[in-house]
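Colleague: I would like to learn how to read the features of a model such as this one, taking them one at a time. Could you give me the general idea of each before turning to the case itself?

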Amino acid sequence: MKPTITPKTYRVKSFGCQMNVYDGERMGELLSEKGMSAAPDGEDADLVVLNTCHIREKAAEKVYSDIGRLTKGKTQKKAPMIAVAGCVAQAEGEEIMARAPAVGMVVGPQAYHRLPEMVEQAAKGQRSTDTDMPANAKFDLLPKRRRSAPNAFLTVQEGCDKFCTYCVVPYTRGAEISRPYSDLIAEAHRLVEAGAREITLLGQNVNAWSCEDEAGRTVGLAGLIHALDRIEGLARIRYTTSHPNDMDDALIEAHGEVAKLMPYLHLPVQSGSDPILKAMNRSHTAESYLKLLERFRAVRPDIALSGDFIVGFPGESEADFQATLDLVDEVRYSQAFSFKYSPRPGTPAAEMDDQFIPREVMEERLQRLQALLNRDQFAFNKAVEGQTCEILIERKGKLPGQWLGKSPWLQSVWYAEENGGEGALGDLATVKLVEAGPNSLRGELV
Ligand code: SAH
Ligand code: SF4
Ligand code: F3S
């Protein structure tokens with residue numbers, strides 16, 4: 001790599017989960033702190049950070065093709081300095097360094113506090129890799145938060161000790177750690193001061209979060225939620241993603257006690273078949289999962305339920321798949337995410353190769369599952385038609401006077417103001433939900 005000049009502008013492109021979005025924001029803040037500025041949309045950036053995801057196949061291929069496009073002038077006029085961050089960096093950093101000379105640095109999800117110094121080195125022509133995993137170290141070294149969208153993310157927990165047999169996350173994000181209580185309260189206050197009205201607490205297993213509070217008592221996520229409830233100016237609290245096995249009574253009860261805690265739960269189940277759940281090492285059954293949901297519905301009858309599904313896990317029979325459809329029928333999700341199983345290098349399921357499900361079967365199952373999930377999502381939207389609720393305005397729509405936001409149940413809602421008024425970003429608008437579509441609702445300002 002030839003020496004270049006120290007970059008003045010940057011662009012961070014985040015892929016994958018919300019935790020990557022959070023990390024991407026923090027990398028941007030770090031670079032801004034060092035005097036760089038975000039490249040305006042449509043303009044070249046001197047430094048491009050590819051903040052990658054490794055969860056499903058073609059992840060690495062995508063990174064190489066993004067690198068190719070950047071160096072060949074397809075993405076921007078001038079080739080930028082390139083940093084590869086995120087979970088592909090963690091999993092395949094060495095190969096990336098060897099295969100892609102245009103990459104100036106590779107930095108893993110637990111090491112990105114070092115990004116500015118690595119950029120300095122790259123400017124001198126020295127390439128570097130840091131994929132160390134010191135627990136919590138980066139958080140202490142990140143700048144204080146100064147900006148926030150109305151709906152902010154706050155990573156409270158990282159990593160995973162569950163080792164589901166199909167999943168790369170325990171390898172790319174490392175062991176479960178909880179950020180300290182006082183740090184989180186301080187960061188939440190700063191986000192609210194910077195304009196956040198809603199905070200979504202993030203973790204690969206967010207409900208595994210546990211720490212001592214200011215009185216020295218060990219509290220779980222519910223304790224943190226109760227503390228955030230006391231922050232004036234914060235209107236809404238959400239959390240994602242939970243694991244069924246880390247659910248405790250206090251968190252379920254919090255949904256009946258904390259008005260700011262939104263009636264929404266994302267609780268992945270992956271499959272409705274117990275033998276498949278066992279082969280996945282999920283350590284819950286379809287029944288124990290359904291029982292858990294019943295308890296949430298008992299304290300918060302209107303709670304919107306969401307989940308994740310994998311179809312075509314090795315050995316999945318038609319009967320196993322039918323059990324998944326039956327579970328969906330019973331739950332009636334308000335929205336859900338479903339994926340075709342993707343063998344990931346280094347995971348135990350990738351070794352179950354004698355039992356792979358043919359592509360066409362997987363595709364056909366995915367379509368059948370998604371048809372049910374879409375049906376339920378539309379039905380859920382229809383069910384709230386006519387109700388009046390608050391929506392948090394997150395964005396301007398394409399048309400003048402149009403605003404977009406989320407309902408308490410995390411549905412996308414839009415409304416148009418008669419006189420095209422300004423300044424509603426971050427407001428909680430009271431709207432009547434007048435027309436439900438499959439993916440969004442139209443509201444009218446009350
Ligand atoms: N920690 C969360 C989310 C992990 S990743 C959880 O436990 O639920 C998000 C989703 O990606 C998973 O819930 C799963 O549905 C899907 N996923 C993970 N690995 C996958 C793989 N190898 N193939 C297909 N989907 C996968
Ligand atoms: Fe992956 Fe399972 Fe951990 Fe979720 S709980 S991150 S699916 S290993
Ligand atoms: Fe992807 Fe890593 Fe998130 S693999 S889903 S970016 S934890």
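Colleague: How do the residues of the shell around ligand 2 divide into nonpolar, polar and charged?

Modeller: A word on conventions comes before the reply: this is a predicted model, in which local features need pLDDT of at least 70 and side-chain atom pairs count only at pLDDT 80 or more, while totals for chains, interfaces and linings use all residues. Residues are numbered from 1 along each chain as its sequence is written, chains are lettered from A and ligands numbered from 1 in the order in which they are written, and side-chain values use heavy atoms, with hydrogens and water left out.
The classes are set by residue type: Ala, Val, Leu, Ile, Met, Phe, Trp, Tyr, Cys and Pro count as nonpolar, Asp, Glu, Lys and Arg as charged, and the others, Gly among them, as polar. Here the shell of ligand 2 holds seven nonpolar, two polar and two charged residues. A residue belongs to the surroundings if one of its heavy atoms lies within 4 Å of the molecule, and those around ligand 2 include C160, C164, C167, Y166, H243 and R282.

Colleague: Which aromatic pair does Y166 form?

Modeller: A pair of aromatic rings is described by the distance of the centres and the angle of the planes. Rings of Phe, Tyr and Trp (its six-membered ring) pair if their centres lie within 6.5 Å, and planes under 30 degrees apart count as stacked, over 60 as edge-to-face and the rest as tilted. By this rule there are five aromatic pairs, among them the edge-to-face pair of Y166 and F313, with 6.3 Å centre to centre and 85° between the planes. Because Y166 lies in the loop between strand 8 (157-158) and helix 6 (169-173), and F313 in the loop between strand 15 (304-311) and helix 12 (318-331), the pair ties together parts that are 147 residues apart in sequence; helices (H or I, at least four residues) and strands (E, at least two) are DSSP runs, numbered from the N terminus. Ring pairs also link Y166 and F313 with Y341 and F356 into a cluster.

Colleague: Is strand 4 buried or exposed?

Modeller: Buried means under 20% relative accessible area, exposed over 50%, and partly exposed in between (1.4 Å probe, protein chains only). Five of the five residues of strand 4 (residues 81-85) are buried, so this strand is largely enclosed by the rest of the structure. M81, A83 and A85 point one way, and I82 and V84 the other.
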